[in-house]
Amino acid sequence: MRIDLHAHSNVSDGTQPPAELIAAAAEAGLDVVALTDHDTTDGWAEASAAALKLGVALVPGMEVSCRTREGISVHLLSYLHDPAHPGLLEEITKSKDARFTRAERMVSLLAEDYPLSWDDVIHHVAPGATLGRPHIADALVAAGVVEDRSEAFETILTSRSRYWVQHYAPDPAAAVELVRAAGGVPVFAHPVASSRGRIVGEHTYREMIDAGLAGLEINHRDNPEQGRSFLRRLAAEHDLLVTGSSDYHGAGKPNLLGENTTSPEVLARIEELASGTAVVR
Ligand code: AMP
Ligand code: ZN
Ligand code: FE
Ligand code: FE
């Protein structure tokens with residue numbers, strides 16, 4: 001069984017529509033894939049239909065943008081929650097709207113120095129999709145400013161750049177509670193990915209665990225080995241699930257489907273813990 005629990009479609013900042021993502025998962029020899037777009041579940045219906053047709057099991061999921069009170073970005077994966085839960089829906093709608101305003105502000109700052117307009121960015125966004133820096137990167141690639149998304153993230157768009165603007169996002173422990181309230185299973189995504197920006201301290205783990213955190217995404221390419229041994233100790237100490245995933249974004253990122261995987265036993269635990277929706281198979 002090959003199980004990959006973290007992938008994005010163009011309903012957020014991946015490059016393929018949900019049905020194409022499922023086809024790519026089948027092509028890559030996966031038995032199970034989770035669709036985890038940023039702050040939206042709008043891709044679930046299309047992905048479910050494709051999963052049934054192509055014989056790949058789909059774990060409906062989402063990646064919730066969060067920020068600690070110190071201003072550190074945290075990504076929380078939610079699996080199998082009720083997509084209509086009002087509290088969770090309210091938070092992700094707030095984040096999604098804030099991402100729009102934030103992108104507008106970043107583009108107006110960038111436009112002072114680069115040949116870039118809001119229309120150039122919107123051109124790369126599927127209707128209704130969650131907006132992110134990758135869409136701005138696509139416009140910078142089209143303008144010939146950078147070679148690809150990765151170069152954009154390493155230079156102009158890093159969180160240390162003067163063009164970077166933050167957006168509203170809920171506190172991670174509050175998001176864990178909401179995911180649980182919605183019958184979902186919360187897993188901390190790439191917790192020690194220091195290349196993306198500052199990483200959280202022990203008190204944030206404690207708060208998230210107290211709020212009902214179920215697991216840690218340890219096997220992810222952005223977690224350095226040193227951080228992984230810390231995470232393994234934490235998982236053992238608090239009986240947390242350990243997952244591994246690709247964080248595939250289609251052509252926009254080098255990450256390949258199935259480059260990290262999760263065990264069938266852990267998927268079975270996730271299914272036991274969930275009450276919001278079921279795996280599509
Ligand atoms: P944002 O959420 O708007 O701050 O943008 C960050 C998101 O861009 C993260 O979720 C990354 O996974 C995603 N991303 C997509 N392509 C890349 C890339 N080539 N390098 C770094 N991050 C990327
Ligand atoms: Zn992303
Ligand atoms: Fe993430
Ligand atoms: Fe992701």
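**View 1. Helices H7 and H8 packed against each other.** In this predicted model, helix H7 (residues 172–181) packs with helix H8 (residues 202–211) at an angle of about 20°, and their axes are 8 Å apart. Angles under 35 degrees count as roughly parallel, and H7 and H8 are therefore roughly parallel to each other. The crossing in which H7 passes H8 is right-handed.

**View 2. Residues in the contact of H7 with H8.** On the H7 side, the contact is made by Pro 172, Ala 173, Val 176, Glu 177 and Arg 180. H8 contributes Thr 204, Glu 207, Met 208 and Ala 211. Sorted by class, the contact of H7 with H8 has 5 nonpolar, 3 charged and 1 polar residues.

View 3. The iron ion (ligand 3) is 5.6 Å from the zinc ion.

View 4. Asp 13 lies in the loop between strand S1 (3–4) and helix H1 (18–27), and His 249 in the loop between strand S7 (241–244) and helix H10 (264–273), so the pair ties together parts that are 236 residues apart in sequence. Buried means under 20% relative accessible area. Asp 13, at 7% relative accessibility, therefore counts as buried, and His 249, at 5%, also counts as buried.

Methods:
Residues are numbered from 1 along each chain as its sequence is written. Chains are lettered from A and ligands numbered from 1 in the order in which they are written. This is a predicted model: local features need pLDDT of at least 70, side-chain atom pairs count only at pLDDT 80 or more; totals for chains, interfaces and linings use all residues. Side-chain values use heavy atoms; hydrogens and water are left out. Donors are N, O and S atoms within 2.8 Å of the metal (3.2 Å for Na, K and Ca); water is not among the atoms, so sites may look incomplete. Helices (H or I, at least four residues) and strands (E, at least two) are DSSP runs, numbered from the N terminus. Buried means under 20% relative accessible area, exposed over 50%, partly exposed in between (1.4 Å probe, protein chains only). Axes are lines fitted to C-alpha atoms, for helices over the stretch in contact, and angles run from 0 to 180 degrees between N-to-C directions. Angles under 35 degrees count as roughly parallel, over 145 as roughly antiparallel, 65 to 115 as roughly perpendicular and the rest as oblique. A crossing is left-handed if the near helix is turned anticlockwise from the far one by less than a right angle, and right-handed if clockwise. Contact means heavy atoms within 4.5 Å. Ala, Val, Leu, Ile, Met, Phe, Trp, Tyr, Cys and Pro count as nonpolar, Asp, Glu, Lys and Arg as charged, and the others, Gly among them, as polar.
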